[in-house]
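Please consider the structure below with attention to its charged side chains.

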Amino acid sequence: YVIIEDPAAMRDELYRKWDARQCLGRIYVAREGINAQMNVPEHEWDDFVTELRAIPEFEDIPFKIAVEDDGRSFLKLIIKVRKKIVADGLADGEYDVTNVGKHLTAKEWNEALGLDGTLVVDMRNHYESEVGHFEGAMTPEAETFREELPEVLEMLKGKEDQKVLLYCTGGIRCEKASAYLKHHGFKDVNQLHGGIIDYARQLKFEELPNKYHGKNFVFDERLGERISDEIISHCHQCGKPCDTQ
């Protein structure tokens with residue numbers, strides 16, 4: 001999340017740069033920031049990072065690197081200008097999107113999961129949490145993020161003083177969700193830094209216990225990255241264990 005004064009001009013600049021580097025992906029640019037899910041050719045990576053961080057708005061942009069890569073995530077480069085990078089259905093200025101919750105590392109997240117009274121909320125759509133989620137997580141039945149915000153608020157009603165842990169795929173939805181809950185009086189709001197994607201990376205790097213069960217749904221041709229070997233969902237037709245959406 002960063003203010004982009006001219007999203008259309010930024011879109012055109014990025015398309016020229018990334019098309020020349022043979023990048024693929026689906027990218028949304030808005031006044032409130034950028035949400036990019038993309039592939040970068042390995043031999044272009046270092047120059048890609050240097051070039052991107054030379055743009056003032058993106059000098060501190062975080063990267064979340066995929067857990068699995070089968071070479072067919074995206075088929076073309078699409079960059080669109082949108083009103084918002086994550087549609088929340090709320091009017092501009094209804095809450096402060098920069099007043100976010102505390103970011104937790106994977107180690108801090110695991111420790112917080114074990115505390116009494118902690119509320120864990122999956123900020124993804126129901127078909128995402130169906131194939132994978134954290135231990136003890138509340139999994140809303142929402143189809144979209146804009147439906148989910150009021151549903152989560154209702155689920156947590158009366159629990160404003162308890163510790164709340166939020167997580168999503170890469171952390172971008174939790175930035176908005178944590179700000180939304182803080183605006184509505186929740187005092188101890190925390191979010192998984194880098195989302196499930198970076199949680200998986202930190203697990204391997206620091207040899208931490210995995211508290212996530214199943215797959216992490218992703219919005220590209222792969223439709224999922226395996227975080228644990230468990231299959232926690234079932235086929236909607238035959239009832240056999242299955243987690244392929």
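Predicted model: local features only at pLDDT ≥ 70, side-chain atom pairs only at ≥ 80, totals over all residues.

Residues are numbered from 1 along each chain as its sequence is written, and side-chain values use heavy atoms, with hydrogens and water left out. The structure holds 16 salt bridges (a side-chain nitrogen of Lys or Arg within 4 Å of a carboxyl oxygen of Asp or Glu).

**Buried pairs**
- Lys176 and Glu32 form a salt bridge with an N to O distance of 3.1 Å.
- This pair connects distant parts of the chain, 144 residues apart: Lys176 lies in helix α6 (residues 172-183), and Glu32 in the loop between β1 (24-30) and β2 (33-39).
- Helices (H or I, at least four residues) and strands (E, at least two) are DSSP runs, numbered from the N terminus.
- Lys176 is buried at 0% relative accessible area, and Glu32 is buried at 14% (buried means under 20%, exposed over 50%, partly exposed in between, with a 1.4 Å probe and protein chains only).
- Asp88 and Lys84 meet in a salt bridge at 2.7 Å, N to O; Asp88 is buried at 3%, and Lys84 is buried at 17%.

- Glu111 forms a salt bridge with Lys107, their closest N and O atoms being 2.9 Å apart.
- Glu111 and Lys107 are 4 residues apart in helix α3 (residues 106-113), so about one helical turn separates them.
- Glu111 is partly exposed at 45% relative accessibility, and Lys107 is partly exposed at 44%.
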